[in-house]
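User: Could you walk me through how to read a few features of this fold?

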Amino acid sequence: MSVLVADFTNHTGDPIFEDTLEPMFNVALEGASFVNAYSRGNARKLAGQLQHPTDKLDEQSSRLVAVSQGIGAVVTGEVSRRGDKYSLSATALDAVSGNVIAQTEITAGNKDEVLLTIPKLAAPIRKALGDTTPESVQVEKARGALTAASLEAVHQYGVGIDQLNAGNMEEALRSFSNAVALDPNFARAYGSMAAAYGNLGKTQDAEKDVKLAMQHVDRLTDRERYRMRGAYYYTIENWPKCVEELGELVNLFPPTISDRSISPVAI
């Protein structure tokens, strides 16, 4: 099943939550082998081609994109602040009918705990979609992958992903560089820097950063490790190993027809 995660509505007034929670929610959802998180970058481009073009992935535009691409479900979300605590909610909707598949809400004790609550927020939605993995196992598997030195590092990464998807490679590199400056163990940011350098034709820089990403694969999910290793072998042009890693990725995490996310440079 393909699932599109829409923009989370930020009621906190704090810009650090803009473009921050959605990539991490994708990571938590894809802990289920049969769930493929549809590329938000592709979805945003398609939203710009709607009858009423928009650069936002709200519920309406996300559902329209989802229907056009054969995506089964859309997830909307909200984050708000109550004193020192933060409330996060998510709703999974059938893309065609708009019927609610599942709703979930959770509270984080402070800002630093927000990321670590994401697997618990996603667990009821994964269960409603058909995942039988116990919540405790889901949370444990995702713990290392959602660990970051700071929320600001994840925010910079999320901004960089949007810039990368928009084709703004230099801006993306600045954001990813900010992310790794805040968190030197941020494997996803190194991998995405490698992707940006690759798109710019700077193969030596791409190889350097993908090697740095490989040093921190413990901070990735099982699915992301196959992608990262595929990206590494792609960058150093070891085609047999690249095929081996991406082939195993497809075997263990089969992409749906609408999925566009298995390219080794789309980390």
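Predicted model: local features only at pLDDT ≥ 70, side-chain atom pairs only at ≥ 80, totals over all residues.

User: What is the strand order in the open sheet?

Analyst: Strands of a sheet pair through backbone hydrogen bonds, parallel or antiparallel. Here five strands run in the order 2-1-3-4-5, with mixed pairing (strands are DSSP E runs of at least two residues, helices H or I runs of at least four, numbered from the N terminus; pairing needs at least two DSSP bridges). Strand 2 (36-37) and strand 5 (100-108) are the edges. Strand 3 (residues 73-82) and strand 4 (residues 85-94) are antiparallel over 10 bridges.

User: Which residues touch the most other members of the largest nonpolar core?

Analyst: Nonpolar side chains tend to be buried together in soluble globular proteins. A core joins buried Ala, Val, Leu, Ile, Met, Phe, Trp, Tyr and Cys through side-chain atoms within 4.5 Å; buried is under 20% relative accessible area, exposed over 50%, partly exposed in between (1.4 Å probe, protein chains only). In this 67-residue core they are Phe25, Leu29, Val75, Leu88 and Ile125. Helix 8 (residues 187-199) gives the most, eight residues.

User: Where does Thr147 lie?

Analyst: Thr147 sits in the loop between helix 5 (135-143) and helix 6 (151-165). Thr147 is partly exposed, at 36%.

Methods
Residues numbered from 1 in each chain as written. Heavy atoms only, no water.
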